[in-house]
Amino acid sequence: MNTNRLKIKKAYSIVIRTLGTGGVKYKRLLDSIKLQTLPPQNVYVIIAEGYSLPSDRLGYEKFIYTKKGMWHQRVFGLEYASLQDPENYLLVLDDDLSFEANYAEKSLECMMQNNIDVLITGLSTERSI
């Protein structure tokens with residue numbers, strides 16, 4: 001890492017909302033997570049009850065079942081992760097996204113440089129940014 005860059009003092013965890021049926025797109029998301037220059041402390045996969053766990057895995061993620069529904073899974077996932085990792089930032093994702101290897105690091109640097117608590121970026125589901 002360049003010594004002129006801001007040192008990141010905060011950790012982050014990832015929260016993924018899924019039905020477990022994302023296939024290739026979900027695999028691309030996991031590949032993006034694996035390549036992060038700043039790895040997440042935890043990865044929480046919030047999956048709807050009655051659905052099978054995805055076959056593609058990181059190997060260290062935690063699967064949490066909850067009621068099906070975009071809103072319920074998102075809110076439950078946010079609450080769950082914030083209680084597990086109260087000091088961490090949360091990178092909240094759907095299961096069909098992918099991003100460049102320094103995405104989390106750049107996002108956290110931006111947040112700390114600007115003293116902000118929430119950052120919403122535009123991610124394309126068609127290509128890596």
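**View 1. Helix α2 covers residues 70–84 of this predicted model.** Helices here are DSSP runs of H or I with at least four residues, strands are runs of E with at least two, and both are numbered from the N terminus. With its 15 residues, α2 reaches 21 Å from the first C-alpha to the last, close to the 21 Å expected at 1.5 Å a residue. That expected span is 1.5 Å times one less than the number of residues.

View 2. Buried means under 20% relative accessible area, exposed means over 50%, and partly exposed lies in between (1.4 Å probe, protein chains only). The arc is taken from the directions that run from the helix axis to the C-beta atoms.

**View 3. Take a look at Gln 84, found in helix α2.** Gln 84 is partly exposed, with a relative accessible area of 42%. Tyr 44 is 40 residues away from Gln 84 in sequence, and their C-alpha atoms are 9.9 Å apart in space.

**View 4. Helix α1 (residues 24–34) has Tyr 26, Leu 29, Leu 30, Ser 32 and Ile 33 buried.** Down the axis of α1, these buried residues fall within an arc of 155°, so they line one face of the helix. Val 24 and Lys 34 are exposed on the face turned away from that buried side. Among the elements covering the buried residues of α1 are β1, β2, β3 and β4.

**View 5. Stepping back, the protein has three helices and four strands.** From the N terminus on, its elements run β-α-β-β-α-β-α. Of the 129 residues, 36% count as buried. Among contacts between residues at least 6 apart in sequence, 68% join residues at least 24 apart.

**Notes for all views.** Residues are numbered from 1 along each chain as its sequence is written, and side-chain values use heavy atoms, leaving out hydrogens and water. Because the model is predicted, local features need pLDDT of at least 70 and side-chain atom pairs count only at pLDDT 80 or more, while totals for chains, interfaces and linings use all residues.

Methods: Contact means heavy atoms within 4.5 Å.
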